[in-house]
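Hello,

Here is the structure I said I would pass on. My notes follow below it.

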Amino acid sequence: DGRGRHAEQMRSIFIKTGVISQAAGSAYVEFDKTKVMCAVYGPRQGGKMDGATNDQGRMEVDVKLATFATPGGRGKTGQGDAEREFSTLVLRALEGAVIAETFPKTSVDVYATVMEAGGDR
């Protein structure tokens, strides 16, 4: 497949949890040449509650590509198209796993930084 791995071979995986002590949960993850740092904060009361109702909480996901993550780098500030797309995909995946009604009037913030994007999207 051009990546040095046969279709039946699994990618190498490394996961270390608890890497950010201030976060409610965090992990550093490597999938082959892709390296990502993730942190979850919350659920917490108050804060930005734009998407929350009285019945359920709000979840926000922010995915960033480090400027050195891809060849040529980002070279700009703000969230680019790929980062918005990744943020939306992660939010959709997590919304299926988190029951927002169990955390009324709270917010959960998920941050992921792609340190190295070494594979296909």
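What volume does the largest cavity have? About 60 Å³. A cavity here is a set of points on a 1 Å grid over the protein atoms alone where a 1.4 Å probe fits but cannot get out, and residues with an atom within 4 Å of a point line it. The volume is the space filled by probe spheres set on the points, which are joined across faces, edges and corners.

This is a predicted model, where local features need pLDDT of at least 70, side-chain atom pairs count only at pLDDT 80 or more, and totals for chains, interfaces and linings use all residues. Residues are numbered from 1 along each chain as its sequence is written, and side-chain values use heavy atoms, with hydrogens and water left out.

The count is one cavity of 30 Å³ or more. Gly57, Arg58, Met59, Val98, Ala100, Phe103, Thr106 and Val108 line the largest cavity. Strand E4 (58-65) and strand E5 (106-116) are the elements giving two or more residues to that lining; strands (E, at least two residues) and helices (H or I, at least four) are DSSP runs, numbered from the N terminus.

Phe103, one of the lining residues, sits in the loop between helix H1 (81-95) and E5. Its C-alpha atom is 6.9 Å from that of Pro43, 60 residues apart along the chain. Phe103 has a relative accessible area of 33%, so it counts as partly exposed (buried is under 20%, exposed over 50%, partly exposed in between; 1.4 Å probe, protein chains only).

Ile15 lies in strand E1 (residues 13-17) and counts as exposed because its relative accessibility is 52%.

Regards

How values were computed. On a 1 Å grid over the protein atoms alone, a cavity is a set of points where a 1.4 Å probe fits but cannot get out, and a pocket is an open set with protein on both sides within 12 Å along at least five of seven lines; lining residues have an atom within 4 Å of a point.
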